[in-house]
Amino acid sequence: MKKSNKVLALLTAVSLSAGLLAGCGGSASSASSSAADSSTAADSANAATEEFSYPMSGKELTYWCELNTNVSANYTNMGDTPFGQGLMERTGVTITYLHPPTGQLNEQFNLILADGDLPDIMEYTWQSYPGGPQKAIEDGNILALNDIIDQYCPNLKAYLEAHPDVDRQCKTDEGNYYMFPFVRGDDSLRVSTGLMIRQDWLNDLGLEMPTTIDEWHDVLTAFKTEKGATAPFAFEYTTPSLRNNWPFMSAYNTTAEFYVGDDGKIHYGPAEENYKEFLTTMNQWYKEGLLDPDMPTAQLDQVSAKMTSGASGASLGWIGSRMGVWTTAAKETDPNYDLEAAPVPTLNKGETAKMGPMDNVVVNNGGAAITTRCKDIEAAARLLDWAYSDEGHMYYNFGTEGESYTMENGEPVYTDLILNNPDGLPIAQAMSGYIRGNYNGPFVQDVRYAQQYYTMDCQKKAQATWTVPEASEHVLPPITPSSGESEEFSAIMNEINTYRDEMTLKFILGTESLDNFDKFVDTMNQMNLKRAIEIENSALDRYNAR
């Protein structure tokens, strides 16, 4: 097998151009290393680059990660998938995959830490570790990767050095790299959720695509009165990632979470007047029957049923698992069904939205860390580094050439095994057996995967429709409180967020008068919200200084 010194930086320059925008890390040694140590590490890296080749021999590792739902639909273990089998063959590492039970990721993670019997590699949302990833290092659970990257990871190291603009997104304030990151390889991949609406209903009613809050009100009213929709707008309010970044909030330049304001400082949306204006509108819509009456408890199956039966005409969700799935299901009984992406609305006609749903380039979940109990650090590092090589990049995103994809005119094209699976598997399930491109993990996601995954015209247009260029300026970067601040911050925000969720729903449903909004804000301040914002701004200052 070819040597690994042909790194992803070359792929970036030649075949992906601006498609691979992001990376993390750097060549800096850890803060405790001396200049001599750095020199030695660099020499070792040069030697490793020249001499090392895959596959390794006789290596065995344990690897803990959540089993994606598209994988678990057909496999009980990643090691049983064609992807897992091929990864072991190509790298020469026998991997024992360990998966927490569905829905028990955090509980199982905490149990493993308490027990101390750590696997060699763990995928986790390391930003959510109490005290952040630096604390995970200080607690003796995961390794700082600076010297490990220098010595054993020529592919990742080259990628990191080629992308200094996002270097700071995956290191601690102390300068330690702690994970092999999941990177959105194109800005368009940072946007995957948004508003969607029945375009066929708009056509029937002679209505234009709504772009303002008032237009949305008129359209949803027409859906109710003219189309008989019993839940004109329905979505999974029970899903925090959707609920807290509801695009109708963006019209009021707010969110239900922390965000970066025009002043470059951190704000907490629910404590501001704009949030009250958003709540006032949603309360009015709920009273008028424009929002799903089952909104407080709505799960995916309920929303899906409404969106495909005509009970609802608009929703919020993902391009693939919502827009694509609903369109496919609905067209079986209604060939005229047309679900299209709707832009982030504004208050006034002709305005440009400033905020909207957008991920950071380096995604919070999906990063893989090497634990302090790892029995073969070099093998773990080499295994993970392979994903950032040319060969690994293609494998993680497209699978095996001649099986899951072929090269046509210099571009990878999925075969019918993926796009028209002979066993009738949905594209997402067919993909996830052979690649990791359609869900998070320690690799760089390729935009060419999405261009084929989204097979319908409505899906192909969605990302551009939902993208708000200025939104990136307001997205909270991956900051962390210091180890000393972490416990205080967590205690404050756990209480505040619970209270926020409770009161937000009451305000929308009308069981709590919006006349009490100021009291709501005062209560959060009594819960030490201002101290939490102070901690976050200090963390942002440290992040900006990285």
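Colleague: Which helix gives the most to the lining of the second largest pocket?

Modeller: Helix α24, residues 529–544, gives the most, with three residues. A helix here is a DSSP run of H or I with at least four residues, a strand is a run of E with at least two, and both are numbered from the N terminus. Before going further, please note that this is a predicted model, in which local features need pLDDT of at least 70 and side-chain atom pairs count only at pLDDT 80 or more, while totals for chains, interfaces and linings use all residues. Residues are numbered from 1 along each chain as its sequence is written, and side-chain values use heavy atoms, with hydrogens and water left out.

Colleague: How much space lies in the second largest pocket, and what makes a pocket?

Modeller: The second largest pocket holds about 320 Å³ of space. On a 1 Å grid over the protein atoms alone, a pocket is an open set of points with protein on both sides within 12 Å along at least five of seven lines, whereas a cavity is a set where a 1.4 Å probe fits but cannot get out; lining residues have an atom within 4 Å of a point. Grid points are joined across faces, edges and corners, and a volume is the space filled by probe spheres set on the points. The lining of the second largest pocket has 18 residues, of which Gln169, Arg190, Asn360, Ser472 and Tyr543 lie nearest its centre.

Colleague: How do the residues of the lining of the second largest pocket divide by class?

Modeller: They divide into eight nonpolar, five polar and five charged. Ala, Val, Leu, Ile, Met, Phe, Trp, Tyr, Cys and Pro count as nonpolar, Asp, Glu, Lys and Arg as charged, and the others, Gly among them, as polar.

Colleague: How many cavities of 30 Å³ or more does a search of the whole structure find?

Modeller: The search finds five of them, and the largest cavity has a volume of about 60 Å³. Its lining includes Tyr237, Trp246, Tyr275, Arg500 and Asp501, and by class it has seven nonpolar, two polar and three charged residues. Helices α13 (273–287) and α22 (483–509) each supply at least two lining residues, and the largest share, four residues, comes from α22.

Colleague: At what angle do the axes of helix α4 and helix α17 cross?

Modeller: The axes of α4 (residues 82–91) and α17 (residues 390–398) come within 11 Å and cross at roughly 165°. That makes α4 roughly antiparallel to α17, and α4 passes α17 in a right-handed crossing.

Colleague: What makes α17 largely enclosed by the rest of the structure?

Modeller: Eight of the nine residues of α17 are buried, so α17 is largely enclosed by the rest of the structure. Buried means under 20% relative accessible area, exposed over 50%, and partly exposed in between (1.4 Å probe, protein chains only). Among the buried residues of α17 are His393, Tyr395 and Phe398. Gly399, which follows α17, has a positive phi near 90°.

Colleague: Is Glu123 buried or exposed?

Modeller: Glu123, found in strand β3 (residues 121–124), has 7% relative accessibility and therefore counts as buried.

Colleague: Why does Asn528 count as partly exposed?

Modeller: Its relative accessibility is 44%, so Asn528 counts as partly exposed. Asn528 is found in the loop between α23 (517–526) and α24, and its phi is near 75°, a positive value in a residue other than glycine.

Colleague: How far apart in space are Glu174 and Tyr543?

Modeller: They are 9.8 Å apart in space, C-alpha to C-alpha, and 369 residues apart in sequence. Glu174 lies in the loop between α8 (154–162) and β4 (183–184), and with a relative accessible area of 43% Glu174 is partly exposed.

Definitions and conventions:
Axes are lines fitted to C-alpha atoms, for helices over the stretch in contact, and angles run from 0 to 180 degrees between N-to-C directions. Angles under 35 degrees count as roughly parallel, over 145 as roughly antiparallel, 65 to 115 as roughly perpendicular and the rest as oblique. A crossing is left-handed if the near helix is turned anticlockwise from the far one by less than a right angle, and right-handed if clockwise.
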